[in-house]
Amino acid sequence: METIKMQLQENKPFPNNKLPVVLYKKALDEIFKQNDYSGEAVLSFLKKHDYSNGWINGILSEHHFHSIAHEVLACISGSARVQLGGPESETITFTQGDVVFLPAGTAHKKIESTEDFIIVGAYPNGDSYDMRYGENSEYDEVKENIIQVPKPELDPVTGQSF
């Protein structure tokens with residue numbers, strides 16, 4: 001499994017984080033039999049590594065982030081181009097089998113996707129999450145929130161110390 005770490009810079013009003021984004025290419029294909037996993041199976045797998053409060057859906061088509069929780073996303077179907085870090089920043093191709101860890105404050109937005117694009121999302125220790133859209137008036141508040149979010153104890157894919 002290829003693991004790609006991306007250190008995103010602050011892109012005001014999108015704070016991003018000092019922790020890197022981690023993209024695990026085809027991780028689900030190595031964990032499960034190739035293409036033999038469902039949303040429920042992936043949620044159950046993530047829960048074993050203390051990532052819960054999960055859901056199955058897609059990615060919003062507008063820049064947003066969570067200031068009170070880290071997030072892990074796992075692509076279970078299709079593919080999408082996803083921009084990370086706010087406008088004019090990194091764009092990744094997120095395909096079936098990929099998993100991405102987004103530290104609190106990491107802006108993300110779906111640019112385009114296949115019709116069958118579906119992801120699973122979950123949060124370390126089942127943390128609650130907020131929805132933030134890069135409002136200038138909230139910037140100082142979200143920066144303080146992000147500082148308070150502890151580093152996850154376990155890697156969402158390997159289950160080892162993060």
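**Entry 1. Terms and model**

A salt bridge is taken here as a side-chain nitrogen of Lys or Arg within 4 Å of a carboxyl oxygen of Asp or Glu. By this rule I count six salt bridges. The model is predicted, so I note that local features need pLDDT of at least 70 and side-chain atom pairs count only at pLDDT 80 or more, while totals for chains, interfaces and linings use all residues. Residues are numbered from 1 along each chain as its sequence is written, and side-chain values use heavy atoms, with hydrogens and water left out.

**Entry 2. The sheet**

I next looked up the strands; helices (H or I, at least four residues) and strands (E, at least two) are DSSP runs, numbered from the N terminus. Two strands pair if DSSP finds at least two bridges between them. In what order do the strands of the open sheet stand? I read S1-S2-S7-S4-S9-S3, six strands with antiparallel pairing. S1 and S3 stand at the edges with a single partner strand each, so one side of each has no neighbour in the sheet. Direction ignored, neighbouring strands are turned by 15° against each other on average; axes are lines fitted to C-alpha atoms, for helices over the stretch in contact, and angles run from 0 to 180 degrees between N-to-C directions.

**Entry 3. Strand S7**

I then followed strand S7 (residues 99-102), which is joined to S4 by four bridges and runs antiparallel to S4.

**Entry 4. Helix H2**

Helix H2 (residues 39-48) packs on the sheet, where I see H2 touching S3, S4 and strand S9 (118-124). The direction of H2 makes about 160° with that of S3. Which residues of H2 are buried? They are Gly39, Val42, Phe45 and Leu46. Seen down the axis of H2, these residues fall within an arc of 125°, so they line one face of the helix; the arc is that of the directions from the helix axis to the C-beta atoms. The buried residues pack against helix H1 (27-31), S3, S4 and S9, contact meaning heavy atoms within 4.5 Å. On the other side of H2, I find Glu40, Lys47 and Lys48 exposed. Asp50 follows H2 and has a positive phi, near 70°.

In helix H3 (residues 139-148), I list Tyr139, Val142, Asn145 and Ile146 as buried. Viewed down the axis of H3, the buried residues fall within an arc of 125°, so they line one face of the helix. Asp140, Ile147 and Gln148 are exposed on the other side of H3.

Which residue forms a salt bridge with Lys143? I find Glu10, with the closest N and O atoms 3.6 Å apart. Lys143 lies in H3 and Glu10 in the loop between strand S1 (2-6) and strand S2 (21-25), so the pair ties together parts that are 133 residues apart in sequence. Lys143 is partly exposed at 30% relative accessible area, and Glu10 is partly exposed at 45%.

**Entry 5. A network of charges**

Side chains of opposite charge can pair when their charged atoms come close. I find Asp130, Arg132, Glu138 and Glu141 linked in a network of salt bridges. Arg132 meets Asp130 at 3.0 Å, N to O, and Glu138 at 3.3 Å between the closest N and O atoms. Asp130 and Arg132 are both buried, Arg132 with a relative accessible area of 11%; Glu138 is partly exposed, at 24%.

**Entry 6. His63**

Where is His63 found? I place His63 in the loop between strand S3 (51-57) and strand S4 (71-77), buried at 13% relative accessible area. The side chain of His63 makes a polar contact with the side chain of Gln83 (3.3 Å). A polar contact is a pair of N or O atoms within 3.5 Å; within protein, one must be able to donate a hydrogen and the other to accept it, and residues adjacent in sequence count only if both atoms are side-chain atoms. Leaving aside neighbours within four places in sequence, I find His63 in contact with residues including Phe14, Pro87, His108 and Arg132.

How values were computed. Buried < 20%, exposed > 50% of the residue type's maximum accessible area, 1.4 Å probe, protein only.
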